[in-house]
Amino acid sequence: CYDETQLYQDALNAYLSAIKNSDKGVSTEEAATVGTLFFKVGDKSQARKWLETAYSKSLPENKAVRMQILTGLVYIYADAKEMENLDKAYKELEAIDAAYAKEKFPGLAEQLAEYHKKLEEAKEAIRKAEEEKLAAEKKAAEEKLAAEKKAEEDKIAAEKKAEEDKAEAEKKAAEREAQALKEAELAIPADVRQQRLAFERLEEGKADEAERIAQTMVTQDQNSVLAWTTLSKIHSAKNDDRAAFYAAREARNLDPKNVDTTLLYLKTASKVTHSDKFLDMLYEAKEKFPNNAEILLGLGRTYADLKNKPEANYFYEQFFKYADREHPLRPVAEKEFESISSK
C-alpha cells in the first residue's frame, strides 16, 4: 500500500479521499494516521489538528494508537518550542512505554527536567526580587517619613528669617529674570523667533496662523533653510503632505550637505512618492550620508514594502550596526525586522 512504499503524499491523498467517500465517521486510528501523514509531508498545522483531535477521542487502553499520536505530537511541540505541551505529551508517552519514549527521543527527559529546574529557579528569583522590592519600599517609606518630619522642623525653625528675606529676594529675582529674558530675546535671531512663534500658534490649535507666519518667513528670505523647514513642518501638521514635501525639498536643495534637511526631505517624500522612486531618493541620500541610521532604516522599510526580503534584511542589519543602542527608532525597527524575518 502507499504507506509501506513511503509515498506519504499519495498515501495522505488516498486516506483523505477514502474518508470523504465513506459513510462512516473517521475512526481514531484513521485520524491518527492522517495526522502522522500530514506531519510526514511537512504540514505541521494540519498534523497538529488531526493528532490532537485523535488523542482527545482515543481510549486509554488503545495504547498503540496513543503511542503513534503522542510520538507525532512530541515532534510538533518540540519544533514549536511549546515546553508545557511537550512535557505533558512526553510524560504521557513515557507512561505508556518508557523504554520506547527514551529510545525514540534520547535526552529529551533530561532536557525537560532542566527546563523545569530553570523554571523553578526563575520563579524563586521573582519571589526573592518581590521580597526585596517590598523591603526596599518599606525602608524608603520610613526614610521619607523621617525626612518629611525633619523638613517640617527645619521649616518652622527657619520660617521667621525666611519671611523677612522673602520680599527682597523676590524683588531681586524678578529683576534678574526680566533682564535675562530681555537679553535672551535680543540674542535670538529674528527668524528663530518667528519659527518659535509659528510653533506656539500650532500648539494652540491655530494652524492657519502658524502657516501664515511660516509663509512670511519664506517671503522675507527665500534662501532661508530655517524658513522652508518651518513651513514644511507646519504643512505636515496640517496633513498637507504634498506641500510639506515641496517645502522640505527647497530646504534640502538650499543645504544638501545638512543631514537634518535631507532626513526631513525623505520623511515627507515617503508620504507622496511611490516606493520605487523613493528607493532612488534613499540611495541618493545614502551616497552623501553612507552610515546614517535613519536612511539605512528607510531602505530596509522600502525594500520590505517592495517584498524584497533579502535586501530588506540587509539594510535592517545595517541600521542595527550603525544606530546607537539608545536610538529612538531601534525598538520599532527590531519588531519590524522580527516580523519580516518570520515570514
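A salt bridge here is a side-chain nitrogen of Lys or Arg within 4 Å of a carboxyl oxygen of Asp or Glu. Please keep in mind that this is a predicted model. With that in hand, here are some points for a first look.

1. **A pair within one helix.** E168 and K172 form a salt bridge, with their closest N and O atoms 3.9 Å apart. That distance counts because the cut-off is 4 Å. The two residues sit four positions apart in helix α7, so about one helical turn separates E168 from K172. E168 is partly exposed, at a relative accessible area of 42%, and K172 is partly exposed with a value of 42%.

2. Now turn to K44 and D79, whose side chains meet in a salt bridge of 2.8 Å from N to O. K44 belongs to helix α3 and D79 to helix α4, so this pair ties together parts that are 35 residues apart in sequence. K44 is partly exposed, with 36% relative accessible area. D79 is partly exposed as well, at 45% relative accessibility.

3. **A network of charges.** How many salt bridges does a search of the whole structure find? The search gives 16. Four residues, R201, E204, K206 and E209, are linked in a network of salt bridges. Within this group, R201 forms a salt bridge with E209, and the closest N and O atoms lie 3.1 Å apart. E209 is partly exposed, its relative accessible area being 29%.

4. **A negative patch on the surface.** Which residues gather in a patch of negative charge on the surface? They are E152, E153, E159, E163 and E164. To place one of them, look for E153 in helix α7, which covers residues 108-187. E153 is partly exposed, with 47% relative accessible area.

5. **The largest nonpolar core.** The largest nonpolar core has 28 residues, and I69, V74, Y90 and L108 touch the most other members. Two or more residues each come from α1 (8-21), α2 (28-40), α3 (44-57), α4 (63-80), α5 (83-96) and α7. Helix α4 gives the largest share, with eight residues. As background, nonpolar side chains in soluble globular proteins tend to be buried together.

6. **Two loop residues with positive phi.** N239 is not a glycine, yet its phi is positive, at about 65 degrees. You will find N239 in the loop between α10 (225-237) and α11 (241-254). N239 is exposed, with a relative accessible area of 65%. K307, another residue other than glycine, also has a positive phi, near 65 degrees. K307 is placed in the loop between α14 (293-305) and α15 (309-322). With 74% relative accessible area, K307 is exposed.

7. Is A214 buried or exposed? A214 is buried, with a relative accessible area of 0%, and its place is in helix α9, residues 207-220. The C-alpha atoms of A214 and T230 are 6.1 Å apart in space, while the two residues are 16 apart in sequence.

8. The loop between α13 (275-288) and α14 holds F289. F289 counts as buried because its relative accessibility is 15% and the limit for buried is under 20%. Between the C-alpha atoms of F289 and V259 there are 7.3 Å, and the two are 30 residues apart along the chain.

9. Finally, take D97, in the loop between α5 and α6 (98-104). D97 counts as partly exposed, at 29% relative accessibility.

How values were computed:
Residues are numbered from 1 along each chain as its sequence is written. This is a predicted model: local features need pLDDT of at least 70, side-chain atom pairs count only at pLDDT 80 or more; totals for chains, interfaces and linings use all residues. Side-chain values use heavy atoms; hydrogens and water are left out. Patches are made of residues with over 30% relative accessible area and no salt bridge: like charges are joined within 9 Å, nonpolar side chains (Val, Leu, Ile, Met, Phe, Trp, Tyr) within 5 Å. Accessible areas come from the Shrake-Rupley method with a 1.4 Å probe; for residues, only the protein chains shown count as cover. Lys and Arg count as positive and Asp and Glu as negative; His and the chain ends are not counted. The place of a charge is taken as NZ of Lys, CZ of Arg, CG of Asp or CD of Glu. Buried means under 20% relative accessible area, exposed over 50%, partly exposed in between (1.4 Å probe, protein chains only). A nonpolar core is a set of buried Ala, Val, Leu, Ile, Met, Phe, Trp, Tyr and Cys residues joined through side-chain atoms within 4.5 Å.
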